[in-house]
Amino acid sequence: SSGMENVYVFPNPVRHDYSGPITITGLVRQANVKVTSFSGALVFETESLGGQAIWDGKNLRGERVNTGVYLVFITNDDGSQTFITKILFIH
C-alpha cells in the first residue's frame with residue numbers, strides 16, 4: 001500500500017466558470033506535489049500541509065492554465081512512495 005490510495009482532486013474536471021482553489025487531499029504528510037502539463041512542463045509545485053495541497057490553477061507565471069489534462073506527481077518525503085493522478089481543465 002502506498003498510503004495514497006485515497007488521493008482525491010476537487011473539482012475535477014475544472015470548468016471554465018470555476019475560479020476557486022483546487023484541493024488535492026488524501027496525501028501523506030509533507031508530500032511533494034508537482035503539477036505538469038501532459039508534455040511534462042512544470043506548472044506548479046508545493047508541499048502538502050496536513051495531508052492536503054492547494055493549487056490556484058495558475059502556472060508559474062501566474063496565468064490560468066489552458067484547457068487540457070495535467071498530471072499530478074505526488075512523492076513522500078523520502079521518495080519511497082509515489083502516486084500520479086490527473087486533472088482536466090475545460091475552458
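Begin by selecting Trp-55, which is buried, with a relative accessible area of 0%. Please bear in mind throughout that this is a predicted model.

Phe-44 and Trp-55 form a stacked aromatic pair, with 5.9 Å from centre to centre and 25 degrees between the planes. The two residues belong to distant parts of the chain: Phe-44 is in strand β4 and Trp-55 in strand β5 (residues 52-55), eleven residues apart. Is Phe-44 buried or exposed? Its relative accessibility is 17%, and because buried means under 20%, Phe-44 counts as buried.

Now select Tyr-70 and Phe-89. These two residues form an aromatic pair as well, here edge-to-face, at 5.5 Å centre to centre and with 80 degrees between the planes. Tyr-70 lies in strand β6 and Phe-89 in strand β7, so the pair ties together parts that are 19 residues apart in sequence. Both residues are buried: Tyr-70 has a relative accessible area of 7%, and Phe-89 has one of 0%.

Show the four residues together. Phe-44, Trp-55, Tyr-70 and Phe-89 form one aromatic cluster. In the whole structure, a search finds four aromatic pairs.

Turn next to the strands and display them as a cartoon. In which order do the four strands of the open sheet stand? The order is β4-β3-β6-β7, and the pairing is antiparallel. Strands β4 (42-47) and β7 (82-89) stand at the edges; each has a single partner strand, so one side of each is left without a neighbour in the sheet. On average, neighbouring strands of this sheet are turned by 20 degrees against each other, direction ignored.

Within the sheet, focus on β6 (residues 68-75) and β7. These strands run antiparallel and are joined by eight bridges. To see two residues facing one another across them, select Ile-74, which stands opposite Phe-83 in β7.

Finally, follow the chain to Asn-76, placed in the loop between β6 and β7. Asn-76 is buried, with a relative accessible area of 10%. Which residues is Asn-76 in contact with, leaving aside its neighbours within four places in sequence? They are Met-4, Val-28, Ala-31 and Gln-81.

Methods
Residues numbered from 1 in each chain as written. Predicted model: local features only at pLDDT ≥ 70, side-chain atom pairs only at ≥ 80, totals over all residues. Heavy atoms only, no water. Pairing = 2+ DSSP bridges. Axes fitted to C-alpha atoms, helices over the stretch in contact; angles between N-to-C directions. Buried < 20%, exposed > 50% of the residue type's maximum accessible area, 1.4 Å probe, protein only. Contact = heavy atoms within 4.5 Å. Phe/Tyr/Trp six-rings, centres within 6.5 Å; stacked < 30°, edge-to-face > 60°.
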